[in-house]
Amino acid sequence: MNIYLLIFFMMLVTYIPRAFPALQSKKRKLSPYWERFLSFIPYTALAALIFPGILGIDSSTPIVGLVGGIAAVAASLFNFPVILVVALAVIAEMIVYIFI
Amino acid sequence: MRSFKEGIKTALPVCIGMVSVGISFGLSACNAGLSAIEATLMSMIVVAGSSQFFAVEMIANGVSPLIIIVGTFFINLRHLVMSTYVMNRLKDESLIKKLILAYVVCDESFTLFSLSKKQEDYASFLGGMNLMLYTSWCSGTLAGALLMNVVSPKLADALGIAIYAAFISMLMPSLKASRKILLIVIFTALVNVFLSTIMGNGLNIIISMLAGAFFATALPDENKGVIA
């Protein structure tokens, strides 16, 4: 298949779930249960996206992701801004790569 | 206009993460044999990082396009839940506005949006945020694709941590403030560790995040306010 056709179909199957809720009737009100359920999704989504994916950033050496993750957690504990947390994690990764 | 600027400001710290991951994606895509134009177009049109990484890896392995499309659907199905949440806040906006804003519903925009404080104009706020995230993602991809031959592979690898560092930094304040959130996060991570051994490519992420949210909803509320 042509790469542009593939990109188009990837967009289509990605956009449909994104757009579907926009097409729902305007007065749609979720029950308190589902409101509560959805309020937890940001935390569980982040948790699922971080772990174990972080261990796979270098598929042959999980320690690489682990060290970067620990650096990011440590930096976050000091309430550093996101930019600094990211920079420190990348620096930690580069140090790891010097040693392995 | 104030909300639009507020959206830009809110997205700014995450943009460096998006650019970094965009660069990694550009590099991976070109490694898989895509041209710089094809890689950048994929970012501009699909706008869904993890499925794009999945796609270029499959392309490199010669997997059938049908599998790539089905996999992409499952990886990005979580946007349905995210978009429901986002659209709930945009109830009174016009359909065309909602359909445009829906185009860039992604993990980053959703998380920033759902954790943000109350805005006077949610649509403009999200618009400003999405504009920044979209531009970062696409320009990062182009930069990565063009830098392919310049950046040492080691530095490109090190940049892979950027998005995770951004995610961690977004999660930590809530983890410090709430034992319940900490418990939910550990539960979800463990479920995902288990599920990722029997399924993969995004499906495990969808099921884990839903399982974690069901678990959280079943737990009693803390007396101290939960950040939500």
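In this predicted model, the side chains of B:Lys117 and B:Glu6 are joined by a salt bridge of 3.8 Å, N to O. A salt bridge here is a side-chain nitrogen of Lys or Arg within 4 Å of a carboxyl oxygen of Asp or Glu. The pair ties together distant parts of the chain, with B:Lys117 in the loop between α7 and α8 (122–147) of chain B and B:Glu6 in helix α1 of chain B, 111 residues apart. These element names come from DSSP runs numbered from the N terminus, where helices are H or I of at least four residues and strands are E of at least two. B:Lys117 counts as exposed because its relative accessible area is 60%, whereas B:Glu6, at 22%, is partly exposed. For these words, buried means under 20% relative accessible area, exposed over 50%, and partly exposed in between, with a 1.4 Å probe and protein chains only. B:Glu6 and B:Lys117 also belong, with B:Lys9, to a network of salt bridges.

Residues are numbered from 1 along each chain as its sequence is written, and chains are lettered from A and ligands numbered from 1 in the order in which they are written. As the model is predicted, local features need pLDDT of at least 70 and side-chain atom pairs count only at pLDDT 80 or more, while totals for chains, interfaces and linings use all residues; side-chain values use heavy atoms, with hydrogens and water left out.

Over all chains, the rule gives five salt bridges. One of them joins the side chains of B:Arg78 and B:Asp107 at 2.6 Å, N to O. This pair, too, links distant parts of the chain: B:Arg78 sits in helix α5 (residues 78–89) of chain B and B:Asp107 in helix α7 of chain B, 29 residues apart. Both B:Arg78 and B:Asp107 are buried. Another salt bridge is formed by B:Lys97 with B:Glu93, whose closest N and O atoms are 3.5 Å apart. With a relative accessibility of 39%, B:Lys97 is partly exposed.

B:Arg2 is exposed, at 61% relative accessibility. From C-alpha to C-alpha, B:Arg2 and B:Ser124 are 8.4 Å apart in space, although 122 residues separate them in sequence.

B:Ser109 is part of helix α7 (residues 107–115) of chain B. B:Ser109 counts as buried because its relative accessible area is 1%. Its side chain reaches the backbone oxygen of B:Val104 at 3.3 Å. Apart from neighbours within four places in sequence, B:Ser109 is in contact with B:Val104, B:Met129, B:Asn130 and B:Leu133, contact meaning heavy atoms within 4.5 Å.

The backbone has some features worth a look. Most residues other than glycine have a negative phi, and most peptide bonds are trans. Against that background, B:Val47 has a positive phi of about 55° although it is not a glycine. B:Val47 lies in the loop between α2 (36–46) and α3 (49–60) of chain B and is buried, with a relative accessible area of 6%. A:Asn79, also not a glycine, has a positive phi of about 60°. A:Asn79 is in the loop between α3 and α4 of chain A and is exposed, at 56% relative accessibility. The peptide bond from A:Phe51 to A:Pro52 is cis, with omega near 5°, and A:Pro52 lies in the loop between α2 and α3 of chain A.

How do the two chains meet? At the interface, 61 residues of chain A are in contact with 88 residues of chain B. Across the interface of chain A and chain B, the rule finds zero salt bridges but 16 residue pairs in polar contact, both residues at pLDDT 80 or more. The elements of chain A that give two or more residues to the side touching chain B are α1 (3–23), α2 (32–50), α3 (62–77) and α4 (82–99). The largest share of that side, 18 residues, comes from α2(A).

Notes
Polar contact = N/O pair within 3.5 Å; in protein donor to acceptor, adjacent residues only side chain to side chain.
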